[in-house]
Amino acid sequence: MNIFMKRTFTLEDVREHYSDKRIEHIKGMLMTLEKVKSEYRLSKSFSKRLESACLMHDIGKKYEDIYCDHPFYRIMHGHLSAEMAKRIYKINDNDILLSIILQPSEGAPMSMLARFLYPLEFCEI
């Protein structure tokens, strides 16, 4: 586990921030991650960090109604999700937080973690 990660998170830890539909989306991402871990020989540490990013990447979408009138609201949930991950779940791994921020926009420069998170969003099983 990364030295910045104090604990491993599960879907139950973040469930309160998601609708049933969004829970299915997260489950799909996690199942896809399980399949690609061995294919890409991802380390246990990297996999755990990516799993945390998967779990947290949409927690800000629950509050979309607050900022839906903003011209960039479709990408704002990444910033809100990262801030919530930092404040609520004490995530202080900048790579995880930046991956969450960049995920809706495929922004550059993307770290290796972000490069895996982005396609997991769309390739879920």
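Rings of Phe, Tyr and Trp (its six-membered ring) are taken to pair if their centres lie within 6.5 Å, and planes under 30 degrees apart count as stacked, over 60 as edge-to-face and the rest as tilted. The model shown is predicted, so that local features need pLDDT of at least 70 and side-chain atom pairs count only at pLDDT 80 or more, whereas totals for chains, interfaces and linings use all residues. Residues are numbered from 1 along each chain as its sequence is written, and side-chain values use heavy atoms, with hydrogens and water left out.

**View 1. The helices of the chain.** The chain has seven helices and zero strands, where helices (H or I, at least four residues) and strands (E, at least two) are DSSP runs numbered from the N terminus. Of the contacts with a separation of 6 or more, 63% are between residues 24 or more positions apart, a contact being heavy atoms within 4.5 Å.

**View 2. Aromatic pairs.** The structure holds three aromatic pairs. Phenylalanine 9 counts as buried because its relative accessibility is 4%, and tyrosine 89 counts as buried at 11%. Tyrosine 40 and phenylalanine 116 form another edge-to-face pair, at 5.6 Å centre to centre and with 85° between the planes. Tyrosine 40 lies in the loop between H2 and helix H3 (44-56) and phenylalanine 116 in helix H7 (residues 112-122), so this pair ties together parts that are 76 residues apart in sequence. Phenylalanine 116 has 16% relative accessibility and therefore counts as buried, and Tyr40, Phe46 and Phe116 form one aromatic cluster.

**View 3. Aspartate 58 and the largest pocket.** The largest pocket has a volume of about 160 Å³ and is lined by His17, Tyr18, Ser19, Lys21, Arg22, His25, Asp58, Lys61, Lys62 and Glu64. A pocket here is, on a 1 Å grid over the protein atoms alone, an open set of points where a 1.4 Å probe fits, with protein on both sides within 12 Å along at least five of seven lines, and lining residues have an atom within 4 Å of a point. The largest share of this lining, three residues, comes from helix H2 (residues 20-39). Aspartate 58 is placed in the loop between H3 and helix H4 (64-67) and, at 0% relative accessibility, counts as buried. Not counting residues up to four places away in sequence, aspartate 58 touches Tyr18, Arg22, His25, His77, Ser81, Gln103 and Glu121.

**View 4. Serine 47 in helix H3.** Serine 47 is placed in helix H3 and counts as buried, with a relative accessibility of 4%. Leaving aside neighbours within four places in sequence, serine 47 is in contact with Leu33, Lys37 and Leu42.

**View 5. Helix H6 and its N-terminal cap.** Aspartate 93 caps the N-terminal end of H6, with a side-chain oxygen 2.9 Å from the backbone nitrogen of aspartate 95. The buried residues of H6 are Ile96, Leu97, Ser99, Ile100 and Leu102.

Definitions and conventions: Grid points are joined across faces, edges and corners, and a volume is the space filled by probe spheres set on the points. Buried means under 20% relative accessible area, exposed over 50%, partly exposed in between (1.4 Å probe, protein chains only). A polar contact is a pair of N or O atoms within 3.5 Å; within protein, one must be able to donate a hydrogen and the other to accept it, and residues adjacent in sequence count only if both atoms are side-chain atoms.
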